[in-house]
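Dear colleague,

Please find below the structure I promised to pass on to you. My notes on it follow directly after.

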Amino acid sequence: MGSIGQDILPVFPTAMHKQNMKLKLKIARKGHDILKRKSEVLEMRFRKVGKEIIKIKRLMGDIFKEASFLLAEARFITGDFNQLVLNAVSKARLKVRHRTENVAGVSLRIFEFYVEGGDTHDLTGLAKGGAKLLSIKQTYTSAVEILVELATLQTTFLMLDDVIKSLNRRVNSLEQMYIPKVERTIRYIETEMDERERQDFFRMKKIQDIKRKDMERKTKQKDFDVNKNNK
């Protein structure tokens, strides 16, 4: 029982405990199936997000190259206009908000890019540079939008990675440790109950044999006494 006790749950081998173990096994198998399906759904989303990150990063590289080229071109035409732009800005128009999205019971944070208010910046004083600066603004606005989308994807990617690893640990624990242990416990209970039933059977048989021999002895004694009296 010493080595067996390490591989089974601590229970006394009775019919009630056997029934309880069967119920635990049923619940564990159902939980295992649910967790495994959840992990599979999240892994599909995880792979999809990974592909989208690669796609977005390539697109982001192209947009930033274009934005850098336009910025250099505008500076060549108009000179340094940083201070002029900063003086024209009173508050941010490009903003980010977030919401949560539920995927297979996991709350994912989604970042959303939006523009608040109209563009009131007067850039006419820059002559030809004004058109260039407008093009730069549009390109960098697209770049910010891409960055926000990338932030959502990378946050989702990291969160899904953690959740999937945690789920897989639980699935493996149920699959490789808990469920086999419950199954061994049920077999142990059945073996012990069968052994006890055999022992009870032999005990009853022995008792019946003793009773039979006692009856035979009494019968012989009675017959002996009758014969003795007849003589």
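In what order do the elements of the protein run from the N terminus on? They run α-α-α-β-β-α, and the secondary structure comes to four helices and two strands, where helices (H or I, at least four residues) and strands (E, at least two) are DSSP runs numbered from the N terminus.

Please bear in mind that this is a predicted model, in which local features need pLDDT of at least 70 and side-chain atom pairs count only at pLDDT 80 or more, while totals for chains, interfaces and linings use all residues. Residues are numbered from 1 along each chain as its sequence is written, and side-chain values use heavy atoms, with hydrogens and water left out.

Of the 231 residues of the protein, 23% count as buried, a term that means under 20% relative accessible area, with exposed meaning over 50% and partly exposed in between (1.4 Å probe, protein chains only).

Thr 185, which lies in helix α4 (residues 128–230), counts as buried because its relative accessibility is 0%. Its side chain reaches the backbone oxygen of Lys 181 at 2.7 Å, and, leaving aside residues up to four places away in sequence, Thr 185 touches Ile 8, Leu 9, Val 11 and Met 21, a contact being heavy atoms within 4.5 Å.

Ala 104 sits in the loop between β1 (94–103) and β2 (106–115), and is partly exposed, with a relative accessible area of 32%. The phi of Ala 104 is near 55°, a positive value in a residue other than glycine; most residues other than glycine have a negative phi.

Note on methods:
Polar contact = N/O pair within 3.5 Å; in protein donor to acceptor, adjacent residues only side chain to side chain.
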